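Please read the points below with the model open beside you. They cover a domain interface, a sheet and some charged pairs.

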Amino acid sequence: MTNNQLLKEETMLRKEQLLKELESIISLEQINTDHEALYDASADRYRKYAKAKKVLDVPMPMAIVYPHSTEEVQSLLQFCNKHKINVIPRSGKTATEGGLENWKEIAVVIDGSKMSQIIKIDPYNMQATVQAGVKLQTLEDELRKIGYTTGHSPQSKPVAQFGGLLATRSIGQFSTLYGAIEDMVVGLECVFPDGHISKIKNVPRRAGGPDIRHIVIGNEGTLCYITEVTVKIFKYYPENNAFHGYLIKDMDTGIHILREVITNGFRPSVARVYSEEDARQHFSHFYKDKCVLIFMAEGPKGIVKATNEAIEEAVAKFQEGIVEKVEDHYIENWFNNLNWTQGHIDHEIQTMINHDKHDGYTTEVSADWETITKIYHNVIKRVREEFDRIEDITMLGGHSSHSYLNGTNMYFVYNYNINCEPEDEMRIYHHPIQTIIVEETLKLGGSMCHHHGIGKYRSEWTLEEHGSAYYMLEKLKEAFDPNGIMNFGTIFPQEEGLKYIKG
């Protein structure tokens, strides 16, 4: 028997022993060892094509476990910490950057979907408390019944769960008005690998030292497991919604108009500009080979009226770049059909199984107003000049969709025909394009990850992203996860993971 065979046999025996011990912590019904489920849990949407084609080369976890309470999460983490088992926290399954991918032979996925209780909706104090496995859409539906909203609406809204939303530092389509998830979180509860349960109380603000919520928000399952969340809620005024759409000459005009509206102090719920190619896949029925600028204003009637006027004034200021106004109903119809359900995901998977294509990828970055268009133009130029499979690209463009007083984001979007083996797709197509995007963004001082997180496939640039501040991030990992059991390879670069990144 070879050394490799011996190692495999020893690993198999250890897995069997650990699974037996696991049954003493939670019931057998809460442990899933089905082969198909484990294969599905071995990676997220980042490698969706290889996954659909059944050619993933990463190890499958030995089990998926479904705790029902914070105390069960505590017991599971203590067990995994004691036995040095890699833990992949999961809640919602909508990750896009490899954060749910498994890089260890001995691993357990802790899935929070059974922790699905809405604990309290408190309209007077404008907040709601939920367990981590509550779907965003579920809470939104309950709030709408009484005239409120979460204000949070990522495209994954029908399937996303609160634990995952916090862990990945999520953002929604209406962020310019309501903020991102970090602006909405009031308090939370989480469990650390040693079993310590921390509960951050619900207060509007405090000056009690550093804001410890941010140790948890965005940790991507590398420091702790989120079990409970309290978020702000907002009054809902759908009857006042107003939509604006324009065809414009170029991306620079769109960014100038976004900046004008935002820096003048107005907060439309949606403020976006699309490049020509990106507009084609969203607005093919009216875009006329032009860039598209869109706004949505919502809230109390007076605020909407003022916001509408501000948008019209900004458009008038940059009139030279405006081609024509778009009828409002086109924009409204598009927003009403933007989110994707589990049915959409299942259809996409089946399409990938049947055909050598998929809907492509996005890489989202952020920078200040002055820099964002430089990044955009540099990236598009470099991809067109340097990418050696440029003839396979069917769409290359981008859009800005989340703006702030001092800058905005840019989603780079790229679709391509796949003319290689499924297992080689990421290495040949996605990684070279993403590398150009990240390099140009970091070179000009932007952030390489606006809201999808670092995951495992941008971790090679984590040190460059943070520079001297990486010291603080590194010390958090050392303090809270000294045995390194939490989501190995995510955020924190690992030499062992390069075999998966480089292919």
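1. Domain 2 and domain 3 bury about 1500 Å² between them, with 58% of it on carbon and sulfur atoms. Buried area here is the accessible area (1.4 Å probe) that two parts lose on being put together, summed over both. On the domain 2 side, Met251, Ile255 and Glu277 lose the most area to domain 3, together 30% of what that side buries.

2. This is a predicted model: local features need pLDDT of at least 70, side-chain atom pairs count only at pLDDT 80 or more, and totals for chains, interfaces and linings use all residues. Residues are numbered from 1 along each chain as its sequence is written, and side-chain values use heavy atoms, with hydrogens and water left out.

3. The division is into domain 1 (1-236 + 454-502), domain 2 (238-337) and domain 3 (342-452), with bounds from an automatic or database domain assignment. The C-alpha centres of domain 2 and domain 3 are 23 Å apart. In contact (heavy atoms within 4.5 Å) are 17 residues of domain 2 and 22 residues of domain 3.

4. How many salt bridges cross the interface of domain 2 and domain 3? The rule, a side-chain nitrogen of Lys or Arg within 4 Å of a carboxyl oxygen of Asp or Glu, finds one. Glu277 forms a salt bridge with Arg384, and their closest N and O atoms are 3.4 Å apart.

5. Eight residue pairs are in polar contact between domain 2 and domain 3, both residues at pLDDT 80 or more. A polar contact is a pair of N or O atoms within 3.5 Å; within protein, one must be able to donate a hydrogen and the other to accept it, and residues adjacent in sequence count only if both atoms are side-chain atoms.

6. Helix H10 (251-263), strand E13 (270-274) and helix H11 (276-283) each supply at least two residues of the domain 2 side that touches domain 3. Helices (H or I, at least four residues) and strands (E, at least two) are DSSP runs, numbered from the N terminus. H10 gives the most to that side, with seven residues.

7. Elsewhere, four strands form an open sheet of mixed pairing, in the order E1-E2-E4-E3; two strands pair if DSSP finds at least two bridges between them. Strand E1 (31-32) and strand E3 (86-90) are the edge strands. E1 pairs with strand E2 (residues 63-65) in the antiparallel sense over two bridges, and Ile31 has Val65 as its bridge partner in E2.

8. The structure holds 27 salt bridges. One of them joins Glu36 and Lys54, with the closest N and O atoms 3.0 Å apart. Glu36 lies in helix H2 (residues 35-41) and Lys54 in the loop between helix H3 (48-52) and E2, so the pair ties together parts that are 18 residues apart in sequence.
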